[in-house]
Amino acid sequence: MKDLSRCVHHPAVSHEGFSSLAVPTYRASTIVYPDAESFAQRKCRGADGYSYGLHGTPTTRTLEAQLTQLHGGVRTVLVPSGQAAVTVVMLSVLLPGDRVLIPDSVYPPVRGFCANYLKPRGIDYHVYDPLVGDGIADLIDARTKLVWIESPGSGTMEVQDVPAIVRAAKAKGVLVGCDNTWASPLLFKPLAHGADFAIEALTKYVGGHSDLLLGSITVSDLDLRQRLKDTLRMVGIGVSPDEAALALRGIETMGVRLAHMGHISEDFARRLEPHPAIDRVLHPALPSCPGHEFWKRDFKGSSAVFSVVLRPGCEENLGPALTALRIFAIGASWGGTRSLIAPMAIKGDRTVNPWRSEGTVLRISIGLEDPDDLWADLTDLFAKLEREPAAKVA
Ligand SMILES: *Cc1c(COP(=O)(O)O)cnc(C)c1O
């Protein structure tokens with residue numbers, strides 16, 4: 001072999017004895033075959049085999065297998081974002097003429113996808129009250145092929161009665177998908193309650209460091225997995241092994257991060273409830289939260305995200321008060337090490353249950369900073385927002 005050939009032929013080295021705790025990052029587009037016959041037969045390798053980098057590498061398969069185990073499912077597919085996890089499910093099971101039901105509290109870009117992408121292509125959607133429970137049965141017509149659940153709901157935290165909704169949907173032969181991003185599989189397992197698709201924005205708690213975008217869809221049925229894989233193959237969607245490797249690192253510490261941050265979020269939610277600048281605290285662990293009884297019955301604990309509704313009139317200084325925060329950063333997304341806060345416009349996103357609170361909703365995500373620093377930052381913020389003198393703040 002001459003030098004130019006040597007440059008492109010990596011010598012085979014021994015892997016023997018190389019037993020690393022870290023999952024290797026396998027980067028590949030091309031997969032090579034030992035002979036022409038196995039290349040010709042490559043389709044026979046199926047969805048669990050390796051045929052082309054886009055369709056999976058040992059790195060992405062490891063993360064998929066780990067999520068499958070955590071969810072108690074049969075297979076997981078990875079997609080480039082949490083939003084893609086939602087849309088790939090919808091694109092895989094809905095055809096023109098079909099209809100999907102989504103909760104009023106859904107992650108807003110999902111409503112946008114239904115209105116601006118599905119609807120013009122002849123797929124209808126209907127928005128339902130997240131607290132509908134088994135009343136979902138009355139909303140399922142012959143065209144309805146999928147019920148979407150997100151519990152607790154983005155921003156406003158309504159906890160849904162997942163078992164009741166699943167039972168009603170199953171009785172009518174309708175598939176159920178559940179966005180489980182708030183809870184992660186550590187706090188709630190949708191498949192164990194009969195959902196057909198459990199989706200996660202791995203961007204949040206699995207990634208855990210605000211440095212990757214990834215989503216997952218876990219199913220307990222191989223046919224559904226095939227339908228998802230078919231969609232990904234036809235559209236040409238795969239994920240980077242580097243993102244998967246970061247997620248594999250993040251998932252190792254998810255348990256301790258979530259337990260720590262969830263404990264603080266619950267504690268802060270309770271302590272903020274009586275604050276004069278705050279109208280309502282929206283946290284699934286508080287009895288005042290819509291659907292709290294379902295959280296208590298079905299969830300193993302709290303994650304780190306909750307919201308507060310400001311008392312009307314308390315947002316006059318909101319802009320400067322947020323800018324003055326020292327520990328909290330202003331931003332969307334969450335699940336990383338840094339605590340975040342973000343004002344949210346809820347009203348325009350509600351069509352079934354008009355949002356009656358006049359006050360601004362602030363979504364708060366607890367990170368890994370010292371809880372005393374976080375509390376001081378928050379109490380300074382709410383003291384600035386309160387009209388009465390700051391002395392009233394506990
Ligand atoms: C963040 C989020 C998503 C979207 O995740 P991306 O990876 O940012 O696309 C979907 N659902 C919920 C509930 C989320 O919080």
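A couple of ground rules come with the model. It is predicted, so local features need pLDDT of at least 70 and side-chain atom pairs count only at pLDDT 80 or more, while totals for chains, interfaces and linings use all residues. Residues are numbered from 1 along each chain as its sequence is written, and side-chain values use heavy atoms, with hydrogens and water left out.

## Two domains

Let's start with the big picture. The chain is split into domain 1 (36-251) and domain 2 (254-387), with bounds that come from an automatic or database domain assignment. Taken over C-alpha atoms, the centres of domain 1 and domain 2 are 27 Å apart. Their contact (heavy atoms within 4.5 Å) takes 37 residues from domain 1 and 38 residues from domain 2.

## The cores

Now for the inside. A nonpolar core here is a set of buried Ala, Val, Leu, Ile, Met, Phe, Trp, Tyr and Cys residues joined through side-chain atoms within 4.5 Å. Buried means under 20% relative accessible area, exposed means over 50%, and partly exposed is in between (1.4 Å probe, protein chains only).

The largest nonpolar core holds 80 residues, and L63, V147, I366 and F382 touch the most other members. Helix α9 (residues 241-272) gives the most to this core, with eleven residues. Helices (H or I, at least four residues) and strands (E, at least two) are DSSP runs, numbered from the N terminus. Both domain 1 (36-251) and domain 2 (254-387) put at least three residues into this core. Apart from it lies another core of 29 residues, including V100, V106, F197 and L228.

What is F382 in contact with, leaving aside its neighbours within four places in sequence? The list runs L272, H275, A277, I278, V308, L310, L362 and I364.

## Pockets and a cavity

On a 1 Å grid over the protein atoms alone, a cavity is a set of points where a 1.4 Å probe fits but cannot get out, and a pocket is an open set with protein on both sides within 12 Å along at least five of seven lines; lining residues have an atom within 4 Å of a point. Grid points are joined across faces, edges and corners, and a volume is the space filled by probe spheres set on the points. For the lining classes, Ala, Val, Leu, Ile, Met, Phe, Trp, Tyr, Cys and Pro count as nonpolar, Asp, Glu, Lys and Arg as charged, and the others, Gly among them, as polar.

| Space | Volume | Lining by class |
|---|---|---|
| Largest pocket | About 610 Å³ | 13 nonpolar, eleven polar, eight charged |
| Second largest pocket | About 360 Å³ | eleven nonpolar, nine polar, four charged |
| Largest cavity | About 40 Å³ | five nonpolar, two polar, one charged |

The largest pocket is lined by 32 residues, and S51, Y52, H55, K229 and R233 are the closest to its centre. At least two lining residues come from each of α3 (58-71), β1 (75-79) and α8 (222-235), and α8 gives the most, with five.

Around the second largest pocket there are 24 lining residues, with Y107, S154, T181, K204 and W334 the closest to its centre. Here α4 gives the most, with three residues. Why does this pocket lie between domain 1 and domain 2? Because both domain 1 and domain 2 give residues to its lining.

The structure holds one cavity of 30 Å³ or more. T181, S184, P185, E200, A201, L202, Y205 and V206 line it, and the elements giving two or more of these residues are α7 and β6.

S151 and P152 are joined by a cis peptide bond, with omega about -10 degrees. P152 lies in the loop between β4 (144-150) and α6 (162-171).

Finally, G133 is in the loop between β3 (124-128) and β4. With 9% relative accessibility, G133 counts as buried. Not counting residues up to four places away in sequence, G133 touches D161, A164 and I165.
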